[in-house]
Amino acid sequence: MTSQAQSNYPTQAPECPLIEVSGAPRERGRQYGEQAAPWIRRGIAHYTQQLEKSKLSWKELEKIVATFEPTIAAFDANYIDEMRGIAEGAGVEYAAIVMLNARTEVLKLAERMRQQQPVPLDPDGCTGVMALPEATASGRVIHAQNWDWKAECAESSVVLKVHREDGPDYLTFTEAGALARSGMNAAGISITANYLECERDYRQLGVPLALIRRKVLEQRRLAFAMQAVYVTAKSAANNIMVAHAGGIGIDFECAPDETFQVLPQQGVIVHANHWQSPVALGKLRELGIQKMPDSLYRDERVRQLVMPHVGQITVDTIKRALFDDFESPWSVCRPPRPNSSNNLSATVAMIVMEPEAGTMEVSMLPALFPTFQTFRLDMEIEQAHGAGADRQHAVAA
């Protein structure tokens with residue numbers, strides 16, 4: 001580690017503020033922009049440097065945003081209103097807010113439009129884990145993730161709580177200005193997502209991933225949350241884990257035009273940044289390992305630390321696994337380290353959710369500061385009715 005890189009280390013855990021909004025899309029966007037303005041501006045400044053590396057002007061960025069708009073509007077026109085509101089509230093360009101919600105897609109589209117050499121893009125490496133009721137000591141779902149990305153993004157991330165009149169409230173950890181990332185809603189649905197790559201990426205213009213995650217969090221019913229993941233066309237591959245507090249969890253390995261499932265084993269799913277589905281591996285080429293070879297053992301390390309506790313898994317079990325420092329700094333919990341683009345790459349945040357309890361714990365730069373902030377959401381979970389409940393009803397009748 002160079003002394004210059006070490007000098008960029010923060011000396012204390014970055015603040016992760018809670019932003020609460022309500023109202024119609026444009027209004028809650030303005031509220032979001034006003035409250036999160038300093039964090040939004042930091043994020044824009046950070047990604048502007050990436051745009052400068054690709055020699056992309058703001059006028060060209062606006063053209064790319066215009067290219068995305070019909071796709072976004074067809075998916076949900078309210079998202080355009082909300083992003084315009086965020087821009088107004090924060091006092092920034094609307095194109096910059098769209099860029100925050102589609103950063104990788106925007107840069108890739110810029111390359112295609114200008115037929116230039118690819119700009120090296122560092123992938124969002126992540127390790128996600130889900131433990132269902134049969135595997136946990138409490139009988140509750142635990143859904144968690146380490147988000148590995150640029151260390152600077154610890155200074156531009158927030159927790160957003162949205163109070164809605166047209167659906168369940170939701171809580172999401174996200175980059176400021178984005179509509180969603182990891183989170184859960186009052187109906188008990190939770191989501192995390194992480195990077196995958198295959199040869200089909202960026203052949204089509206799909207819905208930005210942040211907006212698909214947001215769509216999941218808007219749903220009152222799990223079926224429609226999973227539908228949004230499964231059928232929505234994407235620009236690039238992504239791995240999306242969706243769970244429900246009632247005890248269902250599925251990992252969706254998404255190619256841009258096709259979706260594959262990874263199901264729980266003994267009530268547990270662990271996923272890093274390489275394809276696992278045998279069906280997927282028989283149909284496409286795994287490309288993520290070229291950039292993140294540590295993915296091959298990160299998910300295995302988490303399994304080794306979690307699976308011996310099946311039936312008695314706790315939040316602390318999950319945290320200990322996600323704090324694992326085997327082969328640090330190429331570890332499950334990554335301290336800041338220079339990457340191939342000379343950026344500091346790190347586990348930016350650890351997010352641990354118990355949807356039934358309505359709790360989300362967040363640790364910023366956990367390899368350096370292993371402490372948590374707790375955020376809460378009032379839950380409105382309808383009790384699941386399984387075969388056992390049906391039999392009891394029949395007997396009572």
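1. Two strands pair if DSSP finds at least two bridges between them. Helices (H or I, at least four residues) and strands (E, at least two) are DSSP runs, numbered from the N terminus. On these terms, Leu160 in strand 4 is the bridge partner of Ile19. The model is predicted: local features need pLDDT of at least 70 and side-chain atom pairs count only at pLDDT 80 or more, while totals for chains, interfaces and linings use all residues. Residues are numbered from 1 along each chain as its sequence is written, and side-chain values use heavy atoms, with hydrogens and water left out.

2. The sheet is open and has eight strands in the order 1-4-5-6-7-8-9-10, with mixed pairing. Strand 1 and strand 10 (258-262) each have a single partner strand and stand at the edges, so one side of each lacks a neighbour in the sheet. On average, neighbouring strands are turned by 20 degrees against each other, direction ignored.

3. Five bridges pair strand 1 (residues 18-22) with strand 4 (residues 157-163) in the parallel sense. The covered face of strand 1 holds Ile19 and Val21, whereas Leu18, Glu20 and Ser22 lie on the uncovered one. In a regular strand the side chains alternate between the two faces of the sheet.

4. Strand 5 (residues 170-175) and strand 6 (residues 182-185) run antiparallel and are joined by four bridges. Met184 in strand 6 is the bridge partner of Leu171.

5. Helix 2 (residues 25-53) spans only 33 Å between its end C-alpha atoms, whereas a straight helix of 29 residues would span 42 Å at 1.5 Å a residue (1.5 Å times one less than the number of residues). A kink of about 80 degrees lies at Ala37, shortly before the proline Pro38; the bend is the angle between axes fitted to the seven residues ending at a residue and the seven starting there. Just after helix 2, Lys55 takes a positive phi of about 55 degrees.

6. The axes of helix 2 and helix 3 (residues 58-90) come within 13 Å and cross at roughly 150 degrees. Helix 2 is therefore roughly antiparallel to helix 3 (over 145 degrees). The residues of this contact divide into ten nonpolar, six polar and nine charged.

7. Gly247 is found in the loop between strand 8 (238-244) and strand 9 (248-255). With 18% relative accessibility, Gly247 counts as buried (under 20% relative accessible area, 1.4 Å probe, protein chains only). The C-alpha atoms of Gly247 and Arg140 are separated by 7.6 Å, although the two residues are 107 residues apart along the chain.

Definitions and conventions:
Axes are lines fitted to C-alpha atoms, for helices over the stretch in contact, and angles run from 0 to 180 degrees between N-to-C directions. Angles under 35 degrees count as roughly parallel, over 145 as roughly antiparallel, 65 to 115 as roughly perpendicular and the rest as oblique. Ala, Val, Leu, Ile, Met, Phe, Trp, Tyr, Cys and Pro count as nonpolar, Asp, Glu, Lys and Arg as charged, and the others, Gly among them, as polar. Buried means under 20% relative accessible area, exposed over 50%, partly exposed in between (1.4 Å probe, protein chains only).
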